[in-house]
Structure formats: structure tokens, C-alpha cells
Amino acid sequence: MDFIIKILQLKITKIFLTLLFIVFLLSLYFCRHWYSIQYHKAVGFYFVHKGDKAYKNKEYQKAVELYKIALKNYPGHSRASCNLGNIYVSFENYYEAVNSYERALKYSPNFMACRMDLGIILSEKIANYDKAIQEYGRVINSKPFTINIPLVYNNAKTAKINRGIAYYNMGLAYRGKSVYMGERSNISRRYLRKAKEAYVNAEKYLKNDYDNTFNMALTDHMLGDYAAAANEYCRAINIFPDKFEAHYNFALLLRSMHLNKEALEEFEKTTMLLDYNGTKNKNKYIFGIINEVKRRIINEGGIDYLNKHEPITSLGQNEITYSNGKISAEKQKDFDVNKMLKCTYGKKKKKEK
């Protein structure tokens, strides 16, 4: 009896395997397009893997060739398309980069990191501000899927930061568009106001961000809102005291406001930072402005102030060290250079009142 059962089991197994093989052959015939897609998809993934390895090793030309083969087999691999776009950016082939980013977004519209890259290239390299603003708007209005596993993983913060960066980049695009429209025109000022609005929105997500605060100040400066610009430059300086651009722009603003003594101090801080950063070639121009500011102070009757004034630039590059995000004086251990560089404009104005 057992022998008969075993024979039946073998026959049933053979029949089942035969039927399965027949079904497979029929599926090959009737669904050969699907099998072709899966085959090319597998080939695509293989070459993406090889391309990723070359990309990681900075073998960019090799990565381009591998990604092209991968995308020929599987055009829907969005990450490969986006990586290809990044490589084209490094090659300064910006139009091909845009094509690659757009191909990635065609298959993965919610690939927000790639959309952000697209917006940046459109705005900063191609000057297609309108399209860039549209892309940033899509990032801002997106509703990414967030996961919050306490003490393990939380991407909600990353989503907020991305929204803030999109607002910041939108501000840059609006300001670029305003410059393109011509200085001091009504249209230009309208775009500057839109830029300011974008920076204000960015600040809700990017707390104490130097770049956003500095560009907000620059926009207020361009709009002629000197009081707001002064406060924003001051905030930017206090976020990063060793950034000479904020000191320089703030000095120019103070000079425009006829606050010449304050402007002199900021220009001196600028020259000290330029010396420290090894960019002394710019100082020749700034020293010319400093001499003009000094003449203004003299004309205002401030000769005694200048005689007593000790230039902040008395510290040279070799006397300053930079450690753990702070500048200190080599020979004067108790001298806090960071504190000296910080802005006290707001406090001074309150004391005057």
C-alpha cells in the first residue's frame, strides 16, 4: 500500500511540475513583454550598482557611462538620473543636468532632494528664475511621509529643514529676478519684497541661520529699509562674527546712514578678517573707503575722536588663532576677539534713547 502511495505521489509531483512548466512557457509567450521589462530592470539595477560605486569613488566619467547604460535599460531609476545630474553639474554641463533632474522627477515626483537641486541649477546657473520658483514652491507645498520612532528615527525635522531651505532658495531666486528686472524699478522692488517674504518664512524653519539672515539684511538694504537692514546685519554678525561680508555690508550701510564712527569700526573689523583669511588684495580698496570715512569724521568735528581711536586692525594674521569655532589672540590670551567682532549696534541705539 505504501508503495502505491509513493508512486501516486511521484506521478502527482511530475504532473504538477509539468503543468507548472507549461504555464511558465505559456506566460513566456503571452507575457513576454513583462519578462522583457523585468530582465532590463535587473540589468539596469546591476549597472546602477556599478555606477554608484564609481560615483562614490569620484570616478565621474566612468559613473556617467554606467548610469547611461543603466537608464537605457531601466529609465525609471530616479536616483541614478539624479546622480547623473549631479555629475553633469560638476562638469558644468548645466542643461544636461536639468534634463537628468527632470527625467528623475518624471518617474518620482516626490523626490524632493532632486527637485531642490533642479531649482538651484535653474536659478543660479541658468537664470530661469520663474521655473526655479515653481520647483521651490512644489517642495514647500509637498506633504512628505514622516516617520517618528522615539529615540530611533524621526524625519519630521528633516522635512521642516528642507521646507526652510526651499524658502531660502526661493528668496535668492526672487532677488536674482529683481536684479534682472533693473535696479530701483517698481517691478524690481516688488520681487525684492517677495524675496524678503521668502526669507521671513525660511526663518520659521531655519533658526539662527547666518545665510538666511545675511540675505534678508541685504534685501532690506536694497529696498532702502536701512533700520531693518541694520538690525539684520547685526543679527548675522552675532551668529557668525568672523564672516567679513556681513561686517563689510554693515559698514557700507552705516556710512549711508552717516554713522561714520560706527562705519569706521566695521570697516576695520572687515580688514582684520580679510588679513586673517589671507585675502589682503581686497584691503587696498577698503582702506580707501576708510580714509574717506575718516575725512567725514574730521568734517563733523571728530578730530579728537580719531586721535584717541585705536584701530581694531592692530592684530595681524600671525597673532590670531582659530580654534573650535572661535578666534583668539595669540599674544593676548585674555582678549576675546569673537566678543570684539560682535555687533552692539542695537544696544548702542537703545542707550542713546
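Visitor: Which residues does E135 touch, not counting residues up to four places away in sequence?
Guide: This is a predicted model, in which local features need pLDDT of at least 70, side-chain atom pairs count only at pLDDT 80 or more, and totals for chains, interfaces and linings use all residues. Residues are numbered from 1 along each chain as its sequence is written, and side-chain values use heavy atoms, with hydrogens and water left out. Contact means heavy atoms within 4.5 Å. Under that rule, the residues that E135 touches are L105, R115, L118, G119 and L122.

Visitor: Is E135 buried or exposed?
Guide: E135 is found in helix α7 (residues 129-141); helices are DSSP runs (H or I, at least four residues), numbered from the N terminus. Buried means under 20% relative accessible area, exposed over 50%, and partly exposed in between (1.4 Å probe, protein chains only). The relative accessibility of E135 is 5%, so E135 counts as buried.

Visitor: What distance separates the C-alpha atoms of E135 and D117?
Guide: E135 and D117 lie 18 residues apart along the chain. Their C-alpha atoms are separated by 9.4 Å.

Visitor: Which residues does the disulfide join?
Guide: A disulfide is a pair of cysteine sulfur atoms within 2.5 Å. The structure holds one disulfide. With an S to S distance of 1.9 Å, it joins C234 to C343.

Visitor: How many residues apart are C234 and C343?
Guide: C234 belongs to helix α11 (residues 226-239), whereas C343 sits in the loop between α16 (337-341) and α17 (345-352). The pair links distant parts of the chain, and the separation is 109 residues.

Visitor: Is the disulfide of C234 and C343 left-handed or right-handed?
Guide: Both C234 and C343 are buried. The torsion about their S-S bond is about -105°, so the disulfide is left-handed.

Visitor: Which residues in α11 are buried?
Guide: Helix α11 has 14 residues and reaches 20 Å from its first C-alpha to its last. C234, of the disulfide, is one of the buried residues in α11.

Visitor: At what angle do the axes of α3 and α4 cross?
Guide: Axes are lines fitted to C-alpha atoms, for helices over the stretch in contact, and angles run from 0 to 180 degrees between N-to-C directions. The axes of α3 (residues 60-73) and α4 (residues 78-90) come within 10 Å. They cross at roughly 150°.

Key. Helices (H or I, at least four residues) and strands (E, at least two) are DSSP runs, numbered from the N terminus. The expected span of a helix is 1.5 Å times one less than its number of residues.
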